[in-house]
Amino acid sequence: MSGFIEFQNVTKEYINGDEVLKAVNNLNFTIDKGEFVVILGPSGSGKSTLLNLLGGLDHVSSGNIMVNSHDITGYSDNDLTEYRAHEVGFIFQFYNLIPNLTALENLELISDVIGRKIDGKSMLDRLNLTEHYHNFPSELSGGEQQRVSIARALVKNPNMLLCDEPTGALDSNTGDMVIELLYDICKNNKTTVIIVTHNEDIASLADKVIHLKNGIIESIDTKLDDGNADSIDAEEVLS
Ligand code: ADP
């Protein structure tokens, strides 16, 4: 088994007194470059834990996570900081924008993280936010704030976008537009997009759906490869 991302027997335990809780338990799966993947499962099934381990925000208890043939579970804290800065774009349910900075300033902050200048205006233009360079988050709708957070994630040109309930705070139409945008980014840029959700509708677009329950993979559904995946119309599938 080999892919751009490979989980090998990955377990994460939390110890609470005498009890050991396996938040994820012996996960094995692969994800290819440019795949649009949905991690589906009820609350408490281990979805965020999986995403945090892959994003280098947390450490495994056992097992290995290979990314681009590197085992990130062997990374030092400095290596992980580099990995997060350059390889991974994070998108969260509540956007995590800095409230007292404008949309453009929220993007420009990333320059410090990655150590090179970025073109924040072009990225905001790409996400139809040209009118909003100088707005503060509180002056933007939920959908606009999420688009700023997607722009902030993309401006680093990461290999993967990790999205934790990206539509959880949006109404369903705006949520669909955000998913369509993530799908287009995935297919146009070949950016691997991984979305954690309990919303089954999003799964209909996915190349791969990993079903989690109680920290265990119940099943993995892979879209039948008809060689035609790029031509799927995200808007049609979601409507
Ligand atoms: P999901 O994202 O699917 O809602 P999580 O990954 O957040 O699930 O949590 C999986 C399980 O691990 C839950 O039972 C949760 O209570 C537990 N858990 C998550 N983080 C911690 C933590 N820091 N300490 C103890 N238990 C945790």
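1. Helix α3. The buried residues of α3 are Ala103, Leu104, Asn106, Leu107, Ile110, Ser111 and Ile114. Here buried means under 20% relative accessible area, exposed means over 50%, and partly exposed lies in between (1.4 Å probe, protein chains only). Helices (H or I, at least four residues) and strands (E, at least two) are DSSP runs, numbered from the N terminus. The cover over the buried residues of α3 includes α2, α4 (120–126) and α5, where contact means heavy atoms within 4.5 Å. Gly115 follows α3 and has a positive phi, near 75°.

2. Basis of the note. This is a predicted model, in which local features need pLDDT of at least 70 and side-chain atom pairs count only at pLDDT 80 or more, while totals for chains, interfaces and linings use all residues. Residues are numbered from 1 along each chain as its sequence is written, and side-chain values use heavy atoms, with hydrogens and water left out.

3. Helix α2. In α2 (residues 77–87), the buried residues are Leu80, Tyr83 and Ala85. They pack against α1 (47–54), β4 (62–67), β6, α3 (103–114) and β7. The cover of α3 in turn includes α2.

4. The sheet. Six strands make up an open sheet with mixed pairing, in the order β6-β7-β8-β3-β9-β10. Two strands are taken to pair if DSSP finds at least two bridges between them. At the edges are β6 (88–92) and β10 (216–222), each of which pairs on one side only. Neighbouring strands of this sheet are turned against each other by 15° on average, direction ignored. Axes are lines fitted to C-alpha atoms, for helices over the stretch in contact, and angles run from 0 to 180 degrees between N-to-C directions.

5. Helices on the sheet. Helix α5 (residues 142–154) packs on the sheet and touches β6 and β7 (160–164); the direction of α5 makes about 170° with that of β6. Helix α6 (residues 172–189) also packs on the sheet, touching β3, β6, β7 and β8, and its direction makes about 135° with that of β3.

6. Strand β3. How many of the residues of β3 (residues 36–40) are buried? Five of its five residues are, and the strand is mostly covered. Phe36, Val38 and Leu40 point one way from β3, whereas Val37 and Ile39 point the other way. β3 pairs in the parallel sense with β8 (residues 192–197) over five bridges, and in the parallel sense with β9 (residues 208–213) over four bridges. Val38 has a partner on each of these strands: Ile195 is its bridge partner in β8, and Val209 stands opposite in β9.

7. The ligand. The residues surrounding the ligand are Tyr14, Leu21, Ala23, Pro42, Ser43, Gly44, Ser45, Gly46, Lys47, Ser48 and Thr49; a residue is near a molecule or strand if one of its heavy atoms lies within 4 Å of it. For Ser48, a backbone N or O atom is 2.8 Å from a ligand oxygen atom. A polar contact is a pair of N or O atoms within 3.5 Å; within protein, one must be able to donate a hydrogen and the other to accept it, and residues adjacent in sequence count only if both atoms are side-chain atoms. The protein covers 58% of the 560 Å² of accessible area that the ligand has on its own, by the Shrake-Rupley method with a 1.4 Å probe; for residues, only the protein chains shown count as cover. β2 (19–31) and α1 are the elements that give two or more residues to the shell, and α1 gives the most, with three residues.

8. Gly215. This residue is found in the loop between β9 and β10. Gly215 counts as buried because its relative accessibility is 0%. Leaving aside neighbours within four places in sequence, Gly215 is in contact with Lys22, Ala23, Val24, Asn25, Leu27 and Ser45. Of these, Ala23 and Ser45 are also among the residues around the ligand.

9. Most residues other than glycine have a negative phi. Ser69, in the loop between β4 and β5 (70–71), has a positive phi of about 70° although it is not a glycine. Ser69 counts as exposed because its relative accessibility is 66%. Glu165, in the loop between β7 and α6, has a positive phi of about 50°. Glu165 counts as buried because its relative accessibility is 12%.
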